[in-house]
Amino acid sequence: KCGGFRAGCQQQKAEGRSQKPEIGIPDSRLTAHRSPLTSHPSPPLPANVAGELRALDLTACLHQACDFLLRWQIGVETHADDYWDPKRGWIKRPCAAWMCGAFPGDWFLGGAHDEQGRVWRMGSGPIWHTGQAIWALAMARARFNGAARERLDRALAEGGHYLTRLQILEGPNRGAFWTPPHSLPPGWNAGTEATGVYMMPGEWVEPKQKLCTSDMSEAVGGLLTAGDLLKDPAMIETCRRWGEWLAREVNFKPGYYYHWFSANQPGGSEMKRFWQPDDGVQGLLAVKFNNADWLQRYHDGVKRCIEWPIDLKEYPAQQARSFYWNSSFLWPVIDGRVPGDRGQGHPGKGDRDRALKKLEEYTRWLLGLVEPDGMVGFKYQDKGGLEDRLGTSGDGAATAMGARMCYQLWRNTGDPRWCEAAVPLLRWIVKAQMRGPEANGHDGAIPFCRWMLDAKTGKRFQFMRSISTIFAIMALSEWRGLVEERKS
């Protein structure tokens, strides 16, 4: 059985928080649930921006990116899961049952690292990559019909079922998820000689059986969306159980959340200086399940997120992507998927206006990193970390995230500067999309970083991460939708 951590609940009681605090929003407002995919209408694009985006052919880029992601989903269309054994080299095997439906985190293309063109690496957390991937595919779903939509729905179902299989159903951490590679479900490696998780050439890591809350939160938004679209009660119930665990064990005081838990023993919780459940999922769950307590907790987090200063001393050791993740907590209250707090006598307006200002602040900093070709130019500087050791530069995922942030600001302010700022980012996505012989089977993928030189072979290689393609699909779906609205 899994261990848990009860200090959060005890601290809540010590601080006097009731189980169902009184809040200023009538419960009836929570019943008007919208899917995480939908929010209020967008203003029409200016003609010049619509023309530039139409010339880029976002539709073709979107379709190719989705095709790549669907082809690389583990065990659905590939029916194989290659893994590295330190004694025997590359092993081809049928997909392990618990892995079926997951999306790989990252791998290498070209150079000494690449023998098959498909080097699975589980080090980046398949649970959150899978959650974000099925969310992205759900956003793109409206652009597909017939057999193409059926193929996409199959991927949503398999990805959602992968996540539900990882949920812990007993013990103090019931409702949480196993979060590979930090923790692995019992029997994950049955029938193999592997005892750990392949991280990169020469690095084989033994899981420390820790549960990562941020990996879970990035998975739940996609799972909730897929459950709504497919009308799958098991997926919806999985999200409800996780929401209960989040409130019971993680949200230990207003606006504060633990980031790590021990799976095998009580206690041992850790907290980052600043982290809140990504994508504002606590607010989305509050609306979905008509839970006033969860809504109040989300608004407590919104206030803290707005007040938290952007400390640029932290970000060089983090990632440009942190600008996106930190701001994503605010998006549901910005675009109306979650009602605002009436604490100041104005139904949600104060929270929304301040949240918009905070999102604008984060976006300006990210756009300040954009290089002349439109890619967010950022070198990861976490000394000793994988990206630092590889020497990566540029960030394709952050480029797509920046386009999404501009989209949020455009549709919620109508300020044309934000849609104009998105054009170079989208242009980079379209031009950088991989195709031809050098793609080596990765046609449709969006590069994660700039090409690097392998000192051993003298050849170029890529450190690939699926998040660059995942967030590109999200951004392309959003901006393509606006182009289509402008045409009609």
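Reader: Which backbone oxygen does the side chain of Asn251 reach at 3.1 Å?

Author: The general idea is the polar contact: a pair of N or O atoms within 3.5 Å, where, within protein, one must be able to donate a hydrogen and the other to accept it, and residues adjacent in sequence count only if both atoms are side-chain atoms. Here, the side chain of Asn251 reaches the backbone oxygen of Lys253. A polar atom of that Asn251 side chain also lies 3.0 Å from the backbone oxygen of Tyr256. Before we go on, please note that this is a predicted model, in which local features need pLDDT of at least 70 and side-chain atom pairs count only at pLDDT 80 or more, while totals for chains, interfaces and linings use all residues. Residues are numbered from 1 along each chain as its sequence is written, and side-chain values use heavy atoms, with hydrogens and water left out.

Reader: Where does Asn251 lie, and is Asn251 buried or exposed?

Author: Helices (H or I, at least four residues) and strands (E, at least two) are DSSP runs, numbered from the N terminus. Buried means under 20% relative accessible area, exposed means over 50%, and partly exposed is in between (1.4 Å probe, protein chains only). Asn251 sits in the loop between α7 and β7 (260-262), and Asn251 is buried, at a relative accessible area of 0%.

Reader: How many salt bridges does the structure hold?

Author: Side chains of opposite charge can pair when their charged atoms come close. A salt bridge is a side-chain nitrogen of Lys or Arg within 4 Å of a carboxyl oxygen of Asp or Glu. The structure holds 19 of them. One of these joins the side chains of Asp67 and Arg151, at 2.8 Å from N to O. Asp67 belongs to helix α3 (residues 58-71) and Arg151 to helix α5 (residues 146-165), so this pair ties together parts that are 84 residues apart in sequence. Asp67 is partly exposed at 28% relative accessibility, and Arg151 is partly exposed at 22%.

Reader: Which parts does the pair Arg141 and Asp153 tie together?

Author: Their side chains meet in a salt bridge at 2.7 Å, N to O. Arg141 is in the loop between α4 (126-140) and α5, and Asp153 is in helix α5, so the pair ties together parts that are twelve residues apart in sequence. Arg141 is buried, with a relative accessible area of 17%, and Asp153 is buried as well, at 19%.

Reader: Which residues are linked with Glu237 in a network of salt bridges?

Author: The network links Glu237, Arg240, Arg241 and Glu244. Within it, the side chains of Glu237 and Arg240 meet at 2.2 Å, N to O. Both lie in helix α7 (residues 233-250), three residues apart, about one turn of the helix. Glu237 is partly exposed at 27%, as is Arg240 at 23%.

Reader: What is the mean pLDDT of the chain?

Author: pLDDT is the predictor's confidence in each residue, from 0 to 100. The mean for this chain is 78, and 70% of its residues reach 70 or more. Over residues 1-34, pLDDT stays under 50. Residues 115-120 also have pLDDT below 50. Where pLDDT is low, the predicted coordinates should not be read in detail.

Note on methods: Contact = heavy atoms within 4.5 Å.
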